[in-house]
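Here's a quick tour of a predicted model. Have a look at the fold, then let's talk through its charged pairs and its core.

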Amino acid sequence: MRHAIRLLASPSALGSSTGLNPAPLALLPPIPLYRRILRAHRKFLPTENRLLGDEYVKSEFRSHRNVENPIHIVGFLNEWQRYAQEVEGESWQGSRLDAEKIDKMSDQQLGQLYELMQAIQKKGGGNPEGVV
């Protein structure tokens with residue numbers, strides 16, 4: 001009988017992470033997420049990268065302030081939350097963008113990515129190889 005109880009009380013996989021990716025967290029509201037990103041920049045990025053990153057984050061959040069489509073809002077917040085986790089975990093260093101994400105980008109997003117790449121190269125921080 002005890003053996004059967006032990007089998008019934010085995011731990012479940014609900015809420016646990018699988019593989020190398022952490023379990024997804026609840027989506028943060030925009031303002032706390034914005035503050036978290038700026039705090040992560042202050043704590044984990046070198047000064048020149050922090051200034052560029054802060055400027056970019058501020059412009060992106062400003063430009064998405066009046067978006068009303070819930071799908072766009074959730075996607076926007078989800079990607080920025082993932083970015084904050086990567087910066088806090090320092091797993092962003094040396095990583096590349098997924099080809100799948102690049103394929104899903106609009107022409108405008110690709111243009112922004114190219115401008116960001118040029119700004120990084122102009123500041124002298126970053127390897128032009130491995131970027132789009």
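Glu79 and Arg82 sit three residues apart in helix H4, about one turn of the helix. Their side chains form a salt bridge, with the closest N and O atoms 2.8 Å apart. Glu79 also meets Lys101 in a salt bridge, and that pair ties helix H4 to helix H5 (residues 99-104), 22 residues apart. Through shared partners, Glu79, Arg82 and Lys101 end up in one network.

Then there's Glu88, whose side chain meets that of Arg36 in a salt bridge. This pair links distant parts of the chain, with Glu88 in helix H4 and Arg36 in helix H2, 52 residues apart. Arg36 is buried because its relative accessible area, 16%, is under the 20% cut-off, whereas Glu88 is partly exposed at 30%.

Here are the pairs side by side; the count for the model comes to five salt bridges.

| Pair | N to O distance |
|---|---|
| Glu88 and Arg36 | 2.7 Å |
| Glu79 and Arg82 | 2.8 Å |
| Lys101 and Glu79 | 3.1 Å |

What about the core? The largest nonpolar one has eight residues, among them Leu33, Phe61, Leu77 and Trp80. Helices H2 (30-44), H3 (47-63) and H4 (70-89) each give two or more residues to this core, and H4 gives the most, with four. Leaving aside neighbours within four places in sequence, Leu33 touches Leu28, Phe61, Leu77, Trp80 and Gln81.

Zooming out, the protein chain has six helices and zero strands, and 16% of its 132 residues are buried.

Technical notes
Residues numbered from 1 in each chain as written. Predicted model: local features only at pLDDT ≥ 70, side-chain atom pairs only at ≥ 80, totals over all residues. Heavy atoms only, no water. Buried < 20%, exposed > 50% of the residue type's maximum accessible area, 1.4 Å probe, protein only. Core = buried A, V, L, I, M, F, W, Y, C linked by side-chain atoms within 4.5 Å. Contact = heavy atoms within 4.5 Å. Salt bridge = Lys/Arg side-chain N within 4 Å of Asp/Glu carboxyl O.
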